[in-house]
Amino acid sequence: MKRALNFNAGPAALPFEVLEKAKEEWLNYNGTGMSILELSHRSTEFESVLNNAKRLLAELLDIPDTHEVLFLQGGASLQFTMVPYNLITEEKKRGYYVLTGVWSEKAMDEAKKLGDPKTAASAKAMNYTLIPSIDDIQMGDDAAYLHITSNNTIYGTQWTSFPVTGSIPLVADMSSDILSRPVDISKFGVIYGGAQKNLGPSGVTVVIIKKDLIREDASHLPTMLNYHTYYKNNSLYNTPPSFAIYLLSLVLQWTKDKGGISGIEKINRQKADLLYKTIDESEGFYSGHAEKPFRSHMNVTFTLKNEEMTKKFLSFAKEEGFIGLNGHRSIGGCRASIYNAIPLAHCERLADFMLRFKSRN
Ligand code: PMP
């Protein structure tokens with residue numbers, strides 16, 4: 001079957017094998033005579049789907065026992081609120097934010113509604129073409145946490161090493177690069193991400209949280225905004241996004257079958273290297289947005305010499321069947337999102353198209 005050349009930023013392409021498996025099980029999940037959509041979230045079948053997803057994620061990311069996996073709703077955007085709600089205390093009353101793009105700005109904006117967060121470092125003046133140096137990060141004694149965005153989906157920059165924050169919890173929005181490379185989870189207080197890029201469909205948000213940050217005494221928080229609610233109830237306090245969790249479990253199994261994180265990372269690197277090489281060897285016909293050391297392996301952002309040529313590129317690309325190559329509406333230009341499920345062959349087709357377009361223009 002012909003698959004679209006889908007470079008969407010999220011929701012994004014899912015592995016074909018996962019879609020096939022879901023189709024196979026669609027009308028009769030595991031001999032129940034029901035679709036997964038029709039199962040009670042209190043059934044043993046669904047509980048084992050959820051526990052299997054947790055187990056696979058823990059295995060793939062090597063999550064230590066000190067941390068817990070929670071499944072929530074509301075997207076990464078709700079985590080912008082939940083992080084300050086749950087982590088700020090009377091004594092440690094401030095979140096510190098490293099600004100590396102629109103999403104970290106939005107995260108900080110939400111924290112402003114609850115208190116007075118501070119900027120720990122910012123790449124805004126550099127038009128978000130880089131990640132600030134770890135040495136430039138500044139925090140006070142009142143720091144409840146340091147928040148970073150590990151991959152900047154819109155600008156195409158990515159952290160390669162992470163700040164060491166000692167006793168201050170490091171919080172990372174990993175929406176657009178979770179599961180794409182190995183990460184030492186023990187160094188993080190909270191990791192969160194919407195599933196719709198590397199993990200599965202939209203609708204479920206994954207939170208990996210250090211257990212000692214889950215406060216039992218936070219009963220003043222609204223129930224659904226309190227991490228403890230999800231922890232205490234194995235993410236089954238209320239009806240969870242059951243279909244999204246099911247599909248997540250299939251994506252995690254697929255990732256394992258592909259050789260786990262190290263296998264996936266190898267292919268991701270090949271895909272990104274190919275596209276950046278095409279940009280770099282184009283003699284300025286294409287220029288990358290991100291400075292080289294900060295280039296994302298997930299979102300390759302570039303422009304052409306002017307807006308007219310960019311428009312022509314995007315319209316020719318569309319004619320050839322490429323989907324989702326336009327940059328985010330806030331910055332324009334072009335962006336190829338090459339998450340785990342994008343096959344190398346699709347990146348080869350794109351590189352070939354970029355070369356042909358250049359030679360004709
Ligand atoms: N953070 C990052 C890095 C993102 O890329 C996105 C979505 N593109 C978000 C947050 C917002 O996620 P959601 O739509 O799940 O709220």
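**View 1. Helix α4 and its two faces.** The face of α4 that is turned away from its buried side carries the exposed residues D109 and K112. Helices (H or I, at least four residues) and strands (E, at least two) are DSSP runs, numbered from the N terminus. This is a predicted model, in which local features need pLDDT of at least 70 and side-chain atom pairs count only at pLDDT 80 or more, while totals for chains, interfaces and linings use all residues. Residues are numbered from 1 along each chain as its sequence is written. W103, S104, A107, M108 and A111 are the buried residues of α4. They cover an arc of only 140° around the axis, which puts them on the same side of α4; the arc is that of the directions from the helix axis to the C-beta atoms. Elements covering these buried residues include α3, β3, β5, β6 (151-152) and β8, where contact is taken as C-beta atoms, placed from the backbone, within 7 Å.

**View 2. The seven-stranded sheet.** The strand order in this open sheet is β2-β10-β9-β8-β5-β3-β4, and the pairing is mixed. Two strands pair if DSSP finds at least two bridges between them. β2 (67-72) and β4 (118-122) are the edge strands, each pairing on one side only. Neighbouring strands are turned by 20° against each other on average, direction ignored. Axes are lines fitted to C-alpha atoms, for helices over the stretch in contact, and angles run from 0 to 180 degrees between N-to-C directions. Helix α3 (residues 75-87) packs on the sheet and touches β3 (94-99), β5, β8, β9 (190-194) and β10 (205-210); the direction of α3 makes about 155° with that of β9. Helix α4 (residues 102-112) lies across β3, β5 and β8, at about 165° to β3.

View 3. β5 (residues 143-149) and β8 (residues 170-173) pair in the parallel sense over four bridges, and I148 stands opposite A172 in β8. β10 is joined to β2 by six bridges and to β9 by five, running antiparallel in each pair. I209 in β10 stands opposite E68 and also opposite V190. Five of the six residues of β10 are buried, so this strand is largely enclosed by the rest of the structure.

View 4. Helix α7 (residues 260-280) has 21 residues and reaches 30 Å from its first C-alpha to its last, close to the expected 30 Å, which is 1.5 Å times one less than the number of residues. Its buried residues include I261, I264, N268 and Y276. The buried residues of α7 fall within an arc of 150° seen down the axis, so they line one face of the helix. S262 and K277 are exposed on the face turned away from the buried side. α7 and α9 pack at an angle of about 0°, with axes 10 Å apart. They are therefore roughly parallel, a term for angles under 35 degrees. Residues of α7 that meet α9 include I267, Q270 and L274, and those of α9 include L344, C347 and M354.

**View 5. The three-stranded sheet.** β11-β12-β14 is the order of this open sheet, with antiparallel pairing. β11 and β14 stand at the edges with a single partner strand each, so one side of each is left without a neighbour in the sheet. Two bridges join β11 to β12, and G288 stands opposite F302 in β12.

How values were computed
Contact = placed C-beta atoms within 7 Å. Buried ≥ 20, exposed ≤ 12 C-beta atoms within 10 Å, placed from the backbone. Parallel < 35°, antiparallel > 145°, perpendicular 65-115°, else oblique.
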